[in-house]
Amino acid sequence: MNVTLRHKLIWAFSCFIIIPFVIVGGTLSWLYVESNRSMILDAAVENNQQIVRNIDTSINPILRLSMYPNQDRELFHMMQKDYAALPYPLYERQKDFDTVGGIIRSSMLLYTDLVDSVVIYQRKSHIILGRSNTNYMDHHYLENGFYDEPFIQAIAKENGRYVLIGVHPEKLMSFQDEPVVSVGRAIVDPYSKKNLGFILLNIGVEKLKTLWSDIHFTDNTRFYLVDENDNIIYSKAGSEIGQAAADIIGDDYDRGHYVISAASDLSGWKAVTIIPKNELFGFVDTIVRTIVITLLVLLGLSIITSIYIATGITKPLLILERKMKLVSQGNLDVDIDIQQGEIGKISITIDKMLKEIRRLIQKIVHEEQEKRKLELLALQSQIKPHFMYNTLNVIKWMAKIQGASGIEEALTAFSSVIKFTAKTETDEVLIKDEVIFIQNYTKILDFRYLNKFEVLYDIEPAVLEYKTLKFILQPLVENAIFHGFDEIDYKGKLTIRIYEQSGHVIMIVADNGRGMTGTEQQDLAQSEPADHLNAIGINNIRKRIELNYGDGCGLWITSGQNNGTVAKIVIPVMKK
């Protein structure tokens, strides 16, 4: 507890680095060994299954192509011919051979790149009715051994169902007996159930290799494709193709290898991957050693970095602490000169904050002085002496006793105005009271100007109970009557609208007077009103609204010469 912050940080960094490195590093190494082994084996299983799916997907169209002779009416008719009974058998055979060859090339081989060759055999005449390869055919093999091949007999026995034939040498149309797999189907007359012959589609073993990627999980991983008879269809070693799988991979079914197999439900073929265990774990051991060495190097670098970081943090913090003590003592003119690192960023932020505090203090002082000046101006405009109000009441009662109703009405309105201006408790009043004050004020002016104007009120009842600044409408009404209706030869109309909109109270004072030019508007905003009963000008209203309500509120005046004047006040809704 008594050591310095620098040493605390170094010890804390070291402990929080060493302990997690040991625990996490060991756990991760063990998890990596297990997950890597599972991942590789799962990947091998998925790879085998994907290869089987690819083969099935590619063979399915070939199975459908094997049904073509049954579906093509012309080709099916040729399968039923007895060429020996025809007048010109050689001519008919040659013509049909060319026709069938064209059908094979144009209607069958165009739909797949996997098929190397196609043979259509007619059983009645024991001839090849058509084939895709017209360059070479072993006629001796055709006449002496082809039809007796086991896979040909298997095709005949299936009576029209497809037959997938595992790896076998292509002796009929290949010089070197290339290994192929085949799809065969007997061509059967649907009415007589007579076997008319068969179609044989041969797929080269090398073309099967295009259906998968050769993934090497380890250096000596081996992959085999095994047919339904457990003969090898594909092996990286070409000499193993066609041999029995038991002779090639039988010794691998022991504890030294992982043997992963996936079988096809369509063909019965199997994809087999053999992974040596020692190579699999040798690769994992290399990874584990790399992880351990990396962790140790990172541990050393982390301890060195912790010392550097601890020193870099504590030194600027000491400087910052001394500077902040001066700030706490009231010295806001402190300049924190730290530029490097995160503490430097904090110091720059603190400098900006202190500058902003100084600016705000000056602004607040200025605004308060301005507000006090405006409040003083508003207070000075109020008629405080109570004897004046009492005297007016006495004169009003005298006028009433003597029957001077006009004088009584004028004095009543003037007394209400005097009473309203004498209220000094607050700068805010209800909109209802402000409206009553304006009604009394305009009534007095109506007596003065002998019915020269009329006042219309359009006020929503709900807003009457909201609060507003005192004397906010009087300067606008005064401006309309004294300036707007001056020297006009028609009766003036003054409209006062007050309503609520989107959380604000909108006050509109509009007149049909002579309007103002731009210069007159500027002079009006800066000058004092003509009636010194309430010496509050247009500019005073703007400043009071700005100081009390902030942005979004204010006073806007729109006027044009001979087009009247519209004044709009926007203040927030303030309930009692």
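A salt bridge here is a side-chain nitrogen of Lys or Arg within 4 Å of a carboxyl oxygen of Asp or Glu. Glu465 and Lys432 form such a pair, because their closest N and O atoms, at 3.5 Å apart, fall within that 4 Å cut-off. The model is predicted, and a search of the whole structure finds 11 salt bridges in it.

- The side chains of Lys207 and Asp116 meet in a salt bridge with an N to O distance of 3.0 Å.
- Lys207 belongs to helix 7 (residues 205-208) and Asp116 to strand 1 (residues 115-122), so this contact ties together parts that are 91 residues apart in sequence.
- Lys207 counts as partly exposed at 29% relative accessibility, as does Asp116 at 39%.

**The pair Asp230 and Lys270**
- Asp230 and Lys270 form a salt bridge through their side chains, at 2.9 Å from N to O.
- The two residues are 40 apart, Asp230 lying in the loop between strand 6 (222-226) and strand 7 (232-235) and Lys270 in strand 9 (residues 270-276).
- Asp230 is partly exposed at 40% relative accessibility, and Lys270 is partly exposed with a relative accessible area of 23%.

**A network**
- Salt bridges also link Lys81, Glu92, Lys95 and Asp96 in a network.

Methods: Residues numbered from 1 in each chain as written. Predicted model: local features only at pLDDT ≥ 70, side-chain atom pairs only at ≥ 80, totals over all residues. Heavy atoms only, no water. Helix = DSSP H or I, 4+ residues; strand = E, 2+ residues; numbered from the N terminus. Buried < 20%, exposed > 50% of the residue type's maximum accessible area, 1.4 Å probe, protein only.
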